[in-house]
Amino acid sequence: MITHKTRAADIDLRHDNPPSGILRLLTCGSVDDGKSTLIGRLLLETGAVYEDQLQSLQLETKRHGTTELLIDPALLVDGLEDERAQGITIDVAYRYVRSPRRKVIIADSPGHEQYTRNMVTAASRSDVALILVDARNGIVQQTKRHAIIASLLGIKRFILAINKMDLIDEKQRVYEAIAHSFEEFSRTLDEVETIAIPLSGLRGDNVCHRSSEMSWYEGPTLLEALESAPDSQCDQGDHFRFPIQRVVRPNSDFRGVSGTIVSGSICVNDPIMVLPQGTRSAIRSIVTMEGEKLSGCTGQAVTITLEDEIDLARGDWIVSPDNESHVSQNVVAMLVWMSRDELDVGRTYILRCVTKKTMAEVESVESVIDIETGSDEQATSLRLNEIGRCRIMLHEPIVHDHYSVTRDTGAFILVDKVSYETVAAGIILPPEEAKQKIGSGNESSVHSGSSSRNIPLGSQGARLEHDSVTVLVSGDDGQAHVDIAQKLATDLANVGFHVVVVDESLIGEGIAEAFGFSSLEGRKRLVRNLQVAHVLNQFGIISLVPVEMADLRRNENALQMLDGEKYMIIETDLSKTDSKVIPITERLSAGEVPQPSNHEKDKCPLRGFTAVSCGAESLHHVIDEIANRVWK
Amino acid sequence: MLRQEIDPADERYLECKHLRMLEEESIYILREVAECFENPVLLYSIGKDSSVLLHLARKAFYPEKPPFPLLHIDSTWEFREMIEFRDTYVREELGMEVLVEINQDGVDRGVNPFEFPSNVYTDVMRTQPLKSALSRYRFDAAIGGGRREEERSRAKERIFSFRDKHHRWDPRNQRPELWRLYNTWVHRGDSMRVFPLSDWTEEEIWQYILLENIPLVPLYFSKDRPVVNRDGNLIMVDDDRMPLNGAEKPELMKVRFRTLGCYPVTGAIESNACTVSEIVQELRSTRLSERAGRAIDKDEEAAMERKKRQGYF
């Protein structure tokens, strides 16, 4: 009979030094692989089980145990839950292991038929995945399925626990074969690091204590592997990110915002930017119950006050000016569908991303992952436990990261607005192609204060497939030409051009408000807009500048700041149902354009430029004309 | 109340990264409750977990006061020192609003922990007044100090744990809890139990009390107290309502309590630990679980789970 290891050793293991942090561990594997026994063993040997609990465990082992041991470690996990009787096997349980150097939170997810939904719940916060394999069977489909889901959820460190080594011969050869086979398979996953450990949960070999029977194995024990794995806080990046959780206003003298620093650090007086607005200020103070602090860093829950009284709300982010987060109203995401009701494309759901709540619709489902093979299949909807790539349209812009960069700020949930059921978990992906990055107004765009400053002007344009141009979209008084500029931008973006509309919605709120020249008179506004367009041109971006015809005529020399080759003027006319490209000189001679008086002519020749006459519904010629000019 | 100077030997805890991670997590949860619910309440039982919870709430909302009241379900059988701590420290010194709920009907019917089975007593003097207070004040979120490590049915409990109109927990139908994106939406009448200390262990609670110098009811610290040995439990004779058998005679023993509840059903342990630091040391060598002295958990198999389904915290 094999007896449980002595208690004295356990006490040594338990606590001599405070642990360095918390590691969150996902465990998966089917019941027959010995997962309960392994977790039970880990709990026993790290001293997580007390004497009175051990006593009842011994009684239970006599009654239900399937081993000759005094204490069946599996009963510690299975028996505790009484799961079968309660019918709650589908759910995740949390257990706690305390080693001398680490606290480990185990999210124990049973590998039953509802595996996806539960594994995603357990994996969503885990740093490391422990995948159990029965040494007698090697890598099976279930192993791959678990690895695919864990990897999809952003887990980059795997422990392949090759269990039941006590039951096989030729241990080293079998271990190497299984480890190699997993290594081969894991190359299809995203940047995964794996440690393969040969062990026996039942006997405790290589769990907390090194096995004398496998002296050929030189790697870490399971406990050592858990102690040395980095926790998730190490992966968050250097940029200061502080999503606002609460606005604090106890009295009229104090106005602060509370939240947790997701990444980076901040000091008093540091400049900051608020997203999605883009307004800037600086840190005035960092407030805690213990007094004001001079700095704060990743993982701290603090309250911040700013130098300026700017508009702040829950869901906004305070970031460093060089931040790399995104503001957008459309996202491409992996959705894990968690509801029995099929995904309803076009239906409005509540979306929560970090602390921001908004409404959202799934615009389209592009593909579904075959969880057996990891490959993409065509799909139009998602059912319970399916994972698919979707386009989501939000009712207002949100700040977010790509999930691969920062998990806590790159994920969201969808909630049914009637039943309040959580229907989906979402993982925000980078847009597949660069062309979707900068687009028509509300497409995804990078808010970046100065990251491009050191790159020589013009060199970025060279990387794009097209040349740039400034297009002045002119019109008479009113909104029509502005609308046409927007529509033109959307159409151009849809065919893959990098395009920005330079108007008050781009510039007004950000620059003008901050510096108090929102009511610039016509000329200054035109000069400013053309200057911005010119800069964007140098980065290879097509700029559309809506402008009133009268302003343009009066300030024609403002055009001098543009590169003569690189601008064109189009004249909009809502009455037109077709568009025509005519050099303005021809139009003048044809009498189409009223001749300006001699006096006006001197001031405003506008000669020699291409003009396009078009209505809102007839932009195809305009697009062709722009394409001809910029296509390399 | 006891609040102590930190022993230099314990300074290493000041750098405890895991305690700071747990602290941040709990503060985040508390702030989410305040933002996402209209009428939250903090279930305050005067014990060490409640004290840590209250301390975290004060930190989370500073410089404001926690934006919710405390609710104490008073079984009328609490230790006298607990009530004194509640009234002098929490109410007067901290200025917190403490609502106290007593099941007067149970008092009138003479329901007590001596003559009634523990499940009946707990239901009448704890669960019923809790449910009635939550309904009467229309609280939509109740924050509690439960920890998953404490007891088997809690290992499966969500941090934001949904309760229907009858305060029932349905372990088979829990909301998935993904990342830190808590689904906090409830319909009118439904509510949420929220457990910001879910991932803490007893040892970490004590380390944090040491680290943050959190005041506690003195019953946690060893002292000569009058106790009788009843069915293996050391029960303190706290007032003259306690009936003694002919053979029983209270004797002074150096004891302290690991958990606090109703005095007639809470067993003391023999101990010399008079400071938080000594308690942390003691915990390292003890081989008995925290709830070994609590009668309520043991009266039937899966007792706690059944109580929770009925609305017990």
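Predicted model: local features only at pLDDT ≥ 70, side-chain atom pairs only at ≥ 80, totals over all residues.

Residues are numbered from 1 along each chain as its sequence is written, chains are lettered from A and ligands numbered from 1 in the order in which they are written, and side-chain values use heavy atoms, without hydrogens and water.

**The sheet.** Start with chain B, where six strands form an open sheet of mixed pairing in the order β3-β2-β1-β4-β6-β5. Strands (E, at least two residues) and helices (H or I, at least four) are DSSP runs numbered from the N terminus, and two strands pair if DSSP finds at least two bridges between them. Next, select 98-101 (β3) and 160-163 (β5) of chain B: these edge strands have a single partner each, so one side of each lacks a neighbour in the sheet.

Now pick β1 (residues 40-43) and β4 (residues 141-143) of chain B, which run parallel and are joined by three bridges. Here V41(B) sits opposite A142(B).

**The interface.** Show both chains: 66 residues of chain B are in contact (heavy atoms within 4.5 Å) with 84 residues of chain A. Nine salt bridges are counted between chain B and chain A, each a side-chain nitrogen of Lys or Arg within 4 Å of a carboxyl oxygen of Asp or Glu. For one of them, zoom in on E203(B) and R98(A), at 3.6 Å from N to O. Finally, select α1(B), which gives 13 residues, the largest share of the side of chain B that touches chain A.
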